[in-house]
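Reader: I'm new to this one. Could you walk me through how to read it?

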Amino acid sequence: MKTDDYSIQFIKGVGEKRALLFNRLGIYTVSDLLRFYPRRYQDWSKTKTVNECVDGETVTVKATMITPVKEALIRKGLTLYKCNFTDGENVIHVTIFNNKYLAKALRTFDDYILYGKIEKSFTNASMSSPQIEKSEASVGIHPIYRATESLNSKAIAKVVKAAFEKFDYFEETLDDELRAKYDLCSLDFAIRQIHFPSSEKNIEIARKRLIFEELLTLQLGLLKLKDKKTIDNKLKLKTDFTDEFLKLLPYTLTGAQLRAVKECTEDMMSQSVMNRLIQGDVGSGKTAVAAAVMFNAVKNGYQAAIMAPTEILATQHFETFSKMLEGTGIRTALLTGSTKAKEKKEIKTALMDGEIDIAIGTHALIQNDVEFKNLALVVTDEQHRFGVEQRASLAMKAENPHLLVMSATPIPRTLGLIIYGDLDISVLDEMPAGRKPIRTDLVDSSYHERIYNFIKKTVDEGHQAYIVCPLVEEGETELLSAKEYAEKLSETAFKGYSLGLLHGKMKAKEKDNVMSAFARGDVQILVATTVVEVGVDVPNATIMLIENADRFGLSQLHQLRGRVGRGAEKSYCVLVSDNKSESTSERLQVVRNTADGFKLADYDLKTRGPGDFFGKRQHGLPNLQIADMLEDMDTLMRCQDCAKKMLGEDPRLDKYPLLVKEINDMFRKAMH
């Protein structure tokens, strides 16, 4: 019987009812239990006498109980139990809160281990609610598990012990050669020592093995995913027309943009279909790269399509491409929900006949009645805004077209290879020349009047402004919602000015109307929630005020700030926060002083962990039980090399059947 087939229910001390409590922790089988690693340890192996202890220190003391337990009811629902212990030289006064079971179990003159904080004075020593265990079974390093109210760490440890008694050996997943190369202990040793370590050194040895295996499993799974997406290229480009495209531009592309165009073109000329992500900071020039790649597809006799998440963004792309490709003979068309029925019909007919080269649109492009004659390239903008199904629907308009996805969400470079394991990545890490830095200031709400006056002065000079706040509707907090705030401002500070309101609960058509009015200049000041984070170029907008800035993530603040500074004028971003906490202040100062979205993402990763980045994935990425993306980056790189070598020598991993099972389990859980 293998551990992954053996239900947790049948382990001694579990049973049907208790199994449900384990199920809530994601533990269904013994294999799940063994991979439910302790989150920390308490070292009870080094006992001290009272004389050796320092006041306030958490210690392990071996002591004998010398007085019976005295009970005292403090108030309804709170009972204190008091008793004394001795380490042979000093008396320790122990207080136990509300633990009748423990108080009744203690026996005078028996030996115990006390673990907890000790308080010392010249005359006595005391411990308040220490952990108390029988001394013969307690010395050692104790695992502490993530627990629930109904299932505590001690109970989990007891069941793990019972599982170890049931299974006397855990089968190896890696061969001797691999273990020797990376200096890894056996899986059996690692599993036993991670749960019940005999020394701190053995914890490290076990962790090294288990972290390596987890990251190797992840990398093998992602590489296999990528292999599945390696499809023969039946829409191969024969000629590279990039130089011809560059002559159309009134500016020079950056080195990063040129590199990305080259990588895309080489993909499309290769044996396999392109599956690439263009990742660039706000304003790094992703649209120009997409235009160059689409130009290449069209000049080679194919059609291309780009799908944007909103009508206004699609319209903006249409205007940009039409201007860029003027005089080339390349025919473009815009297809959105607002396109008039007659025009829609004409566009659909032209696409089917091959009379339109580039289709630009929203989800209207993926309607069943939209057909292409020879679609070779599908581009999706702001890909995290689309579901996987929507992207797939557009790709279904042709037989295995090339896929290019663009994202302005900065992911730390160190995580990019993992998070986008199924895509090749091009990073735009240079800003186009002439892009002016945005001045960012951090102030508290006492500056409001000065900020409002500055906004009025800016608007009076003919420019526009954004005001962003984190809530949409009135909540329990004292923060003003966007709707209330807009009403208040229109009656007070900005009376007589044209204000617009934009929030997530508005219908798509309403949002587009407001954004269009702002883009035209009909709205001078736009009060909005984070829906403006990804959006339209309004070069005339030169100031952004972000209220309660501490409520946003760093990358989100950076994305919002990127909405200004898109024209020739100097632009400003003002962060307002009354939060006085040191960590919050430090985070906001990082935004104030850093213009690089990737550096901000790196900082976010260091301070908040990788959860946020993984959380944004549409198809789900496996949760890691023991590895840490930041701390174990060196191991990750070694695992990536190891995984490539293993798959190169043994593509189906026939030598590693148990590892294949781990990969399947890891990714199956991620999908659910």
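Reader: Which strands does helix H19 lie across?

Author: Quick reminder before we start: this is a predicted model. Helix H19, residues 554-561, lies across E17, E18, E21 and strand E22 (571-576). Against E21, helix H19 runs at about 150°.

Reader: And helix H17, what does that one lie across?

Author: Helix H17 (residues 482-491) lies across E18, E19, E21 and strand E20 (525-528), and its angle to E19 is about 175°.

Reader: In what order do the strands of the open sheet come?

Author: Strands of a sheet pair through backbone hydrogen bonds, either parallel or antiparallel. Here the open sheet has six strands, with parallel pairing, in the order E17-E22-E21-E18-E20-E19. At the edges stand strand E17 (438-443) and strand E19 (499-502); each has a single partner strand, so one side of each has no neighbour in the sheet. On average, neighbouring strands of this sheet are turned by 15° against each other, ignoring direction.

Reader: How many bridges join strand E18 to strand E21?

Author: Five bridges link E18 (residues 464-468) with E21 (residues 541-546), and the two run parallel. For a spot to look at, find tyrosine 466, which sits opposite methionine 544 in E21.

Reader: What about disulfides, how many are there?

Author: You'd look for two cysteine sulfur atoms within 2.5 Å. By that rule, the count is zero.

Reader: Is cysteine 83 buried or exposed?

Author: Buried means under 20% relative accessible area. Cysteine 83 has 3%, so it is buried. Cysteine 573 counts as buried too, at 2% relative accessibility.

Methods:
Residues numbered from 1 in each chain as written. Predicted model: local features only at pLDDT ≥ 70, side-chain atom pairs only at ≥ 80, totals over all residues. Heavy atoms only, no water. Buried < 20%, exposed > 50% of the residue type's maximum accessible area, 1.4 Å probe, protein only. Pairing = 2+ DSSP bridges. Helix = DSSP H or I, 4+ residues; strand = E, 2+ residues; numbered from the N terminus. Axes fitted to C-alpha atoms, helices over the stretch in contact; angles between N-to-C directions. Contact = heavy atoms within 4.5 Å.
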